[in-house]
Amino acid sequence: MRLSKYYLPTLKEAPKDADTVSAKLMLRAGLIRKTASGIYEWLPLGLKVLKKVEQIVREEMNAAGSNEVWLPLIQPKELWEESGRWNYYGRELLRIKDRKGAEFCFAPTAEEVITNLIKRDVTSYRQLPVSLYQFASKFRDEIRPRFGVMRAREFYMKDGYSFHADEDSINKHYQEIYDAYVRIFTRCGFKFKPVEADTGAIGGNFSHEFMVLAETGENEIANCPHCGYAANTEKAEIMPTVFPAASGLKTMEKAATPGAHTVEDVAKMLGRRPEDLIKLLVFTADGKPVAALMRGDHELNEHKLKSFLKASQLEKANEETYVKLTGSPVGFAGPAGLKEKGVKLIADYHVRGVVNGVAGGNEKDMHAVNVNPGRDFEPEIYADLKIAASGDACAKCGGKFTFTRGIEVGHTFKLGTKYSVSMKAEFLDENQKSKPFLMGCYGIGISRVVAAAIEQSHDVNGIIWPAPLAPFDVYLATVDADINPKVKEAAEGVYKKLEGAGFEVLYDDRAERPGIKFKDADLIGLPHRIVVSTRTLEAGQCEYKARVSKDAVRWDLAELADKFKTLK
């Protein structure tokens with residue numbers, strides 16, 4: 001492709017609202033442009049990368065025995081009401097009406113549509129298993145779109161679904177898709193790690209996230225170097241700490257803490273450490289009040305709490321609820337008396353180890369000091385509720401976690417019967433008994449993969465594409481072509497020879513200064529660069545530079561095609 005004929009509007013500077021490396025470089029390198037908050041146009045160079053990712057995914061999904069389909073983007077309200085997600089999904093679900101007033105949504109995912117499809121056509125265990133996938137745009141009305149295409153409102157993904165008669169079948173196919181994902185991200189040229197994950201709004205009872213490792217990743221991964229267990233910090237299971245029997249217990253008393261409603265403020269005012277505090281967090285779980293207790297220096301993992309409670313919805317309580325249940329505003333609420341009011345009280349394991357601690361006094365501007373679990377309050381149960389952090393031990397083997405950062409690009413879910421039961425999607429088994437389908441769900445964020453590739457591989461000059469995803473193989477540029485016809489003639493010969501050998505070449509035939517061409521070459525980040533100039537041509541050579549290398553070398557023009565074959 002000649003650059004003079006190619007739409008590639010590069011920028012010297014990224015827009016001020018670009019908040020990640022990938023967003024800045026995708027905008028500067030002319031891959032995307034922003035239409036509205038969280039909505040982007042994909043330009044020719046970006047679309048080429050997107051389609052390369054798509055083709056790798058398609059080939060491996062087909063190899064895993066899945067069939068490609070095309071599902072509707074606009075989905076009727078009735079299907080989402082059947083599954084119970086029309087209201088549960090919240091404001092992220094973009095709801096629309098047609099001219100007749102019928103309500104629809106712009107699909108953020110396709111569980112409802114695919115389940116409805118299968119329940120109409122598949123009636124017997126003899127027709128199972130079935131595995132289908134699609135590539136489609138999705139829309140989730142994120143409250144705060146950010147990170148460019150990684151957290152956009154409109155995005156492009158592969159979503160797949162499978163239907164099974166029994167556990168053996170779904171477990172087998174889950175592993176087949178898991179293995180396909182490993183091949184996909186290996187073929188993309190990534191350093192990545194599959195980790196156990198929370199199932200989130202999709203639901204189900206088991207899932208893995210596939211994380212591209214990058215220092216700029218939005219997700220933190222807990223790794224156990226001893227047994228190999230890995231999970232995102234929302235899911236990572238922590239081994240309970242064994243605490244010695246408490247001794248030297250002091251008498252509980254009240255202490256005035258005017259205006260001190262944060263852990264830091266209270267600790268400073270009372271001359272205590274944050275780990276001496278017991279903080280109370282109140283929620284409503286499926287409409288019922290529940291309270292969680294955490295050590296002051298630890299963060300509650302709401303995903304763990306929701307999972308422990310087996311709740312469909314978990315929401316933070318408002319100020320009014322705090323006052324009603326504890327008699328005090330947020331920041332001064334403590335555990336005393338909650339069980340008597342019928343509030344489910346759950347404490348993280350580490351709360352058990354607090355001796356003579358500090359808790360809310362259930363009175364504005366007051367805290368209780370010398371508070372001890374088991375004596376002054378008794379949780380209904382202790383559980384693993386904290387976000388995994390440095391010093392925590394793996395629940396599988398007790399090894400200490402190490403932490404890395406990553407970008408989620410794929411997610412596999414073992415859904416079970418979550419959707420088939422609610423939508424009455426059933427089949428007849430070998431005994432002619434009606435049973436709900438067992439389901440799996442398998443997603444890959446195609447547009448996220450493009451951004452993740454840039455986050456993992458770039459330098460101060462621009463993108464460094466892994467070869468399988470590069471929009472072109474070679475950046476071919478000329479110097480002096482405007483004053484030396486032989487340079488242009490030689491470059492044309494190189495262009496035809498490389499294209500004839502099966503390489504995709506972006507030929508910079510523009511009448512621009514060499515510095516501009518070289519800056520664009522580094523910004524765009526193609527794996528290989530060839531420069532033909534008067535100086536190189538005099539020796540029958542060209543200049544070759546790999547994008548990952550600092551130095552250029554001379555190659556004989558006659559050997560160019562053969563040398564490239566050894567690189568590909």
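User: Taking contact as heavy atoms within 4.5 Å, which strands do the buried residues of helix 7 pack against?
Analyst: They pack against strand 14, strand 18 (357–363) and strand 19 (366–371). Helices (H or I, at least four residues) and strands (E, at least two) are DSSP runs, numbered from the N terminus. This is a predicted model, in which local features need pLDDT of at least 70 and side-chain atom pairs count only at pLDDT 80 or more, while totals for chains, interfaces and linings use all residues. Residues are numbered from 1 along each chain as its sequence is written, and side-chain values use heavy atoms, with hydrogens and water left out.

User: Which residues of helix 7 are buried?
Analyst: In helix 7, residues 263–270, the buried ones are V263, V266 and A267. Buried means under 20% relative accessible area, exposed over 50%, and partly exposed in between (1.4 Å probe, protein chains only). The three cover an arc of only 100 degrees around the axis, which puts them on the same side of helix 7. The arc is that of the directions from the helix axis to the C-beta atoms.

User: What is exposed on the other side of helix 7?
Analyst: E264 and K268 are exposed there. After helix 7 comes G271, with a positive phi near 65 degrees.

User: And helix 8, which residues are buried there?
Analyst: K304, L305 and L309 are buried in helix 8, which runs over residues 302–309. Their arc around the axis is only 125 degrees, so they lie on the same side of helix 8. The buried residues of helix 8 pack against strand 14 (277–285), strand 15 (288–295), strand 16 (314–316) and strand 17 (344–348).

User: New topic. At what angle do helix 2 and helix 11 pack?
Analyst: About 115 degrees, with the axes of helix 2 (residues 44–63) and helix 11 (residues 446–456) 9 Å apart. Axes are lines fitted to C-alpha atoms, for helices over the stretch in contact, and angles run from 0 to 180 degrees between N-to-C directions. That makes helix 2 roughly perpendicular to helix 11 (under 35 degrees is roughly parallel, over 145 roughly antiparallel, 65 to 115 roughly perpendicular, the rest oblique).

User: Which residues make the contact?
Analyst: Helix 2 contributes V49, L50, V53, E54 and V57, and helix 11 contributes I446, S447, V449 and V450.

User: What else packs on helix 11, and at what angle?
Analyst: Helix 1 (residues 21–28) does, at about 105 degrees, with the axes 8 Å apart. Helix 1 is therefore roughly perpendicular to helix 11. V21, S22, L25 and M26 of helix 1 make the contact with V450, A451, I454 and E455 of helix 11.

User: How do helix 12 and helix 15 cross?
Analyst: The axes of helix 12 (residues 485–500) and helix 15 (residues 560–567) come within 10 Å and cross at roughly 40 degrees, so helix 12 and helix 15 are oblique to each other. V494, K497 and L498 in helix 12 meet L560, A561 and F564 in helix 15.

User: Last one: C188, buried or exposed?
Analyst: C188 counts as buried because its relative accessibility is 0%. C188 sits in the loop between helix 6 (167–187) and strand 9 (192–196).

User: What does C188 touch?
Analyst: Leaving out residues up to four places away in sequence, C188 touches I56, V449, P466, P468 and L469. K235 is 47 residues from C188 along the chain, and their C-alpha atoms are separated by 26 Å.

Definitions and conventions:
Contact = heavy atoms within 4.5 Å.
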